[in-house]
Amino acid sequence: MTTHIALLSQTSKLEYLGPLLQAALPQARYSVWPDPACLDADVAVCWNTPPGVYAQMPRLRLVHSIAAGVDNILPGAGGLPVCRVVDDGLTRGMLEYVMWAVLHFHRSFDVALRQQRGHEWLRPRLRPASDCRVGIMGLGALGRSVAAKLLAEGYAVSGWSRSLHQIEGVQTHAGDEGLQRFLASTEILINLLPLTEGTRGILNQELFSRLPPGACIVGCGRGEHLVIDDLIAALDSGHLRGAVLDVFPQEPLDAASPLWDLQQVVVTPHMATMASPQAVVQQVADNIRRLQGGEPLRNQVDAVRGY
Ligand code: NDP
Ligand code: OXD
């Protein structure tokens with residue numbers, strides 16, 4: 001059976017996936033947005049889907065992300081199945097990024113870099129990892145792996161999620177009540193939540209005030225989790241020590257954003273991790289075969305829950 005795949009994005013060029021998908025699925029053909037032929041497709045492969053496009057695709061049977069997060073492809077998907085990528089390579093990239101960010105604060109590289117700018121030579125105290133309390137918001141595919149990695153490196157690890165998880169060696173918390181306890185014991189906060197109506201703006205003044213003085217933020221979920229003005233105020237007041245930020249409400253981050261020049265902030269361009277084209281194509285092709293065979297899809301998200 002011929003499958004027509006539409007490569008849909010309003011911000012990225014996805015045409016590189018076309019030949020790879022065709023090699024994996026010789027019966028398939030593909031169109032790339034904004035080609036109007038996309039509207040005849042039965043599968044949409046997406047990142048930042050152009051608004052309203054699914055409603056114009058009468059044959060559409062599956063929406064597939066090229067990424068782990070689905071927030072930018074869910075609007076308008078209605079009752080269609082929506083799948084995402086869950087991949088070891090993607091997870092590994094996130095582990096590397098988070099380890100670097102945690103070391104940045106734990107080993108005082110932020111302090112050393114500031115001292116270098118002032119030609120200052122002061123040796124920071126060496127603290128064992130076991131004294132450094134790292135808290136992970138979101139204990140899903142990525143958060144759990146990050147927890148395991150940090151635990152293996154000797155950190156004191158806690159985690160927070162919607163439902164309570166049991167993870168050996170990790171202090172776990174859940175829900176609104178658990179959040180307060182989680183924050184009170186977190187020195188380096190890693191955000192690995194998905195963006196949903198329940199998590200939008202969660203990194204705000206109220207949350208920062210519940211962290212101990214000198215706490216640090218690592219933002220690698222989605223930019224819309226963060227209220228930038230609240231972060232800047234908490235850094236200016238000295239309550240927060242610093243932030244490593246990979247994601248921003250508007251990407252690329254505006255050249256005029258004050259975040260670029262804040263000494264306590266490291267800005268990276270949404271590079272924590274990404275799935276390889278091979279992994280994306282393998283998972284999309286597998287799900288297309290499953291769709292055709294009437295088999296359960298892999299990595300399908302709960303569109304109502306939003307992740
Ligand atoms: P998962 O869907 O596997 O896990 C989500 C976790 O968040 C779950 O533990 C879930 O709780 C928890 N959660 C969701 N809503 C809430 C809430 N309201 N309160 C508390 N906890 C909540 O996601 P992944 O781990 O695969 O990915 C997480 C996010 O990371 C992605 O959605 C994406 O935005 C971001 N990401 C960023 C990248 C980057 O390069 N910066 C790359 C890849 C992903 P429960 O377990 O109870 O359901
Ligand atoms: C993802 C991302 O969600 O790249 O995979 O942000």
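How many nonpolar, polar and charged residues make up the shell around ligand 1? By class, this shell has 13 nonpolar, eleven polar and four charged residues (Ala, Val, Leu, Ile, Met, Phe, Trp, Tyr, Cys and Pro count as nonpolar, Asp, Glu, Lys and Arg as charged, and the others, Gly among them, as polar). The model is predicted, with local features requiring pLDDT of at least 70 and side-chain atom pairs pLDDT 80 or more, whereas totals for chains, interfaces and linings use all residues. Residues are numbered from 1 along each chain as its sequence is written, and side-chain values use heavy atoms, without hydrogens and water.

Of the 28 residues around ligand 1, the nearest are R84, L142, S163, H165 and Y307 (near: a heavy atom within 4 Å). Polar contacts (N or O pairs within 3.5 Å) place an oxygen atom of the ligand 2.7 Å from a side-chain N or O atom of R84 and an oxygen atom 2.6 Å from one of H165. A nitrogen atom of ligand 1 lies 3.0 Å from a side-chain N or O atom of D246. The protein covers 91% of the 950 Å² of accessible area that ligand 1 has on its own (Shrake-Rupley method, 1.4 Å probe). Ligand 1 lies between domain 1 (4-87 + 275-293) and domain 2 (89-267), because both give residues to its shell; the bounds come from an automatic or database domain assignment.

T273 is buried, with a relative accessible area of 17% (buried: under 20%, 1.4 Å probe, protein chains only). The backbone oxygen of L90 lies 2.6 Å from a polar side-chain atom of T273.

Conventions:
Chains are lettered from A and ligands numbered from 1 in the order in which they are written. Buried means under 20% relative accessible area, exposed over 50%, partly exposed in between (1.4 Å probe, protein chains only). A polar contact is a pair of N or O atoms within 3.5 Å; within protein, one must be able to donate a hydrogen and the other to accept it, and residues adjacent in sequence count only if both atoms are side-chain atoms.
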